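Subject: A structure for you to look through

Hi,

Here is the structure I said I would pass on. Please open it beside this email and follow along as you read.

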Amino acid sequence: MNFLLKAATVIDPKSPFHNKTVDILIENGVITDLRNSIKAQGTVKEIKLDNLHVSQGWFDSSVCFGEPGYEERETITNGLDVAAKSGFTAIALNPNTLPITDNSASIGFLKGKAQDSPVSLYPIGSLTTKSDGIDMAELFDMQQAGAIAFGDYKKAIQNPNLLKIALLYTQNFDGLVLSFPQDNQIAGKGMVNEEEQSTLLGLKGIPAMAEELQITRDLFLLEYTGGKLHIPTISTAKSVSLIKEAKKKGLQVSCSVSTHHLTLTDSELATFDSNYKVRPPLRTQKDVDTLIKGVNDGTIDMITSDHQPMDVEHKKVEFDNAKYGTIGLENAFGTINNVLGTEKAISMLTNGRTVFELENHTIEKGNKADITLFNPNGDTIFTEELILSNSKNSAFLGKPIKGATYGIVANGKIVLK
């Protein structure tokens, strides 16, 4: 199908139409014309939306669904629809399924389930067999099948020699290794940030040092081995400075921060709401302020929703017994647009493509149409009615968001809310 986006304001610094309002004609998945006014002809579907803005398609570097194995949390089909309506044209899918995504067949299964979707699904393969942290998985085979990186989701690599070998081995095919930043021996049985709030509430704490020691170790290994390392969802002020220094040394290290770590603090735990039980734990206002600074100065490469659906049986229980995680696709743009402003928010939702070596499609004539449609204006409160996921475990209920997403145009298709 062919589309005509009417009066679309382009937010794309690499496009000659940046900050200009134009009509955009898309035919057979390609941008064929951009002008002040284009008249729809033939079978072209005209799209008129209030205060329409467009950018390069957004990419989320850390998404969970559930299928296979945990379909009650989320299916791939509905999850991709949620991603599309939340403005994402591509997502990296974590390997926390049953069975774990640790071989080429499981990568092929995920790619096959998403082949007809307008959203591009890029699997992350497990770094170790069954994500048990013992034996390295079939990394090269998974890369050949379509995996874009390798890591054990929310599981730290406790054996430093295993990470050393992975960083060396993946250089043979330019692979990207993910290492979750937590020293489990320091973290112990902690569930929340070890600070004043954990003491007041009587909850077992995880000190910031648990994250920072692991990052320090991983950066030493990276300096020794070379290769490419991505540290997902950092949460402390010291983590920002450690990664900043590593980048100054020229190490190939990247990192992300989640929307919830960028906007929420451990003060939310006062209600014992298990939606705020996340890993890493929510930290202090000082940490949040430093993370925002790290986003603005380029130390932090990307922002992720770290979308992790969890069924009600595992979330609406006592805090001690609840599973970790919050959904975040639906509110990702509105949350960070409220904190960072529109252009910076979009930059942080697209930068990950470069780190994960995915294609970037500038909005100009002759390029593939990989476009997010949104309205940057309008203040509202995030409510359960705005949740599109099968699971409703959101840490953002009742929180302010700015702007709204309309959908996407990608892979020759359009998805609108």
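First, some housekeeping. This is a predicted model, and local features need pLDDT of at least 70, side-chain atom pairs count only at pLDDT 80 or more, while totals for chains, interfaces and linings use all residues. Residues are numbered from 1 along each chain as its sequence is written, and side-chain values use heavy atoms, with hydrogens and water left out.

**The whole chain**

You'll find 14 helices and 18 strands in the chain. Both come from DSSP runs, numbered from the N terminus: helices are H or I with at least four residues, strands are E with at least two. The chain's radius of gyration is 21 Å, close to the 22 Å that the globule rule gives for 417 residues, so it is as compact as a globular protein of that length. (That radius is taken over C-alpha atoms, and the rule is 2.2 Å times the number of residues to the power 0.38.) Along the principal axes, the C-alpha atoms fill a box of roughly 65 × 50 × 40 Å.

How much of the chain is buried? Buried residues make up 60% of the 417, where buried means under 20% relative accessible area, exposed means over 50%, and partly exposed is in between (1.4 Å probe, protein chains only). Among contacts with a separation of 6 or more, 75% are between residues 24 or more positions apart; a contact means heavy atoms within 4.5 Å.

In soluble globular proteins, nonpolar side chains tend to be buried together. Here the largest nonpolar core has 65 residues, and I91, I231, I234, L262 and I300 have the most contacts inside it. Helix α1 (residues 76–85) gives the largest share of this core, 5 residues. Another core, of 19 residues, lies apart from it, with F3, I47, A369 and Y406 among them. (A nonpolar core is a set of buried Ala, Val, Leu, Ile, Met, Phe, Trp, Tyr and Cys residues joined through side-chain atoms within 4.5 Å.)

Now find strand β8, residues 120–125. Why is β8 largely enclosed by the rest of the structure? Because 6 of its 6 residues are buried. Both faces are covered, with S120, Y122 and I124 on one side and L121, P123 and G125 on the other.

Strand β7 (residues 88–93) runs parallel to β8, and 4 bridges join them. One to look for is A90, whose bridge partner in β8 is S120. Strand β9 (residues 149–150) also pairs with β8 in the parallel sense, over 2 bridges, and there F150 is the bridge partner of G125. (Two strands pair if DSSP finds at least two bridges between them.)

β8, helix α3 (residues 139–145) and β9 make a right-handed β-α-β unit. Right-handed means that, with the strands pointing away from the viewer, the path from the first strand over the helix to the second runs clockwise.

**Two buried loop residues**

S179 is in the loop between β10 (176–178) and α5 (184–187), and at 0% relative accessibility it counts as buried. Leaving aside neighbours within four places in sequence, S179 is in contact with I157, L163, D218, L229, H230, I231 and P232. Its C-alpha atom is 6.4 Å from that of A156, 23 residues apart along the chain.

T233 sits in the loop between β13 (228–231) and α8 (237–248). T233 is buried too, with a relative accessible area of 2%, and the residues it touches include K154, F180, S256 and D306.

**Backbone details**

Most residues other than glycine have a negative phi, and most peptide bonds are trans. Which peptide bonds are cis here? One runs from E67 to P68, with omega near 0°, and another from L98 to P99, with omega near 5°. P68 is in the loop between β6 (58–63) and α1, while P99 is in the loop between β7 and α2 (104–113).

As for phi, K130 has a positive value of about 60° although it is not a glycine. K130 lies in the loop between β8 and α3 and is exposed, with a relative accessible area of 61%. F272, also not a glycine, has a positive phi of about 55°; at 39% relative accessibility, F272 counts as partly exposed.

Enjoy exploring!
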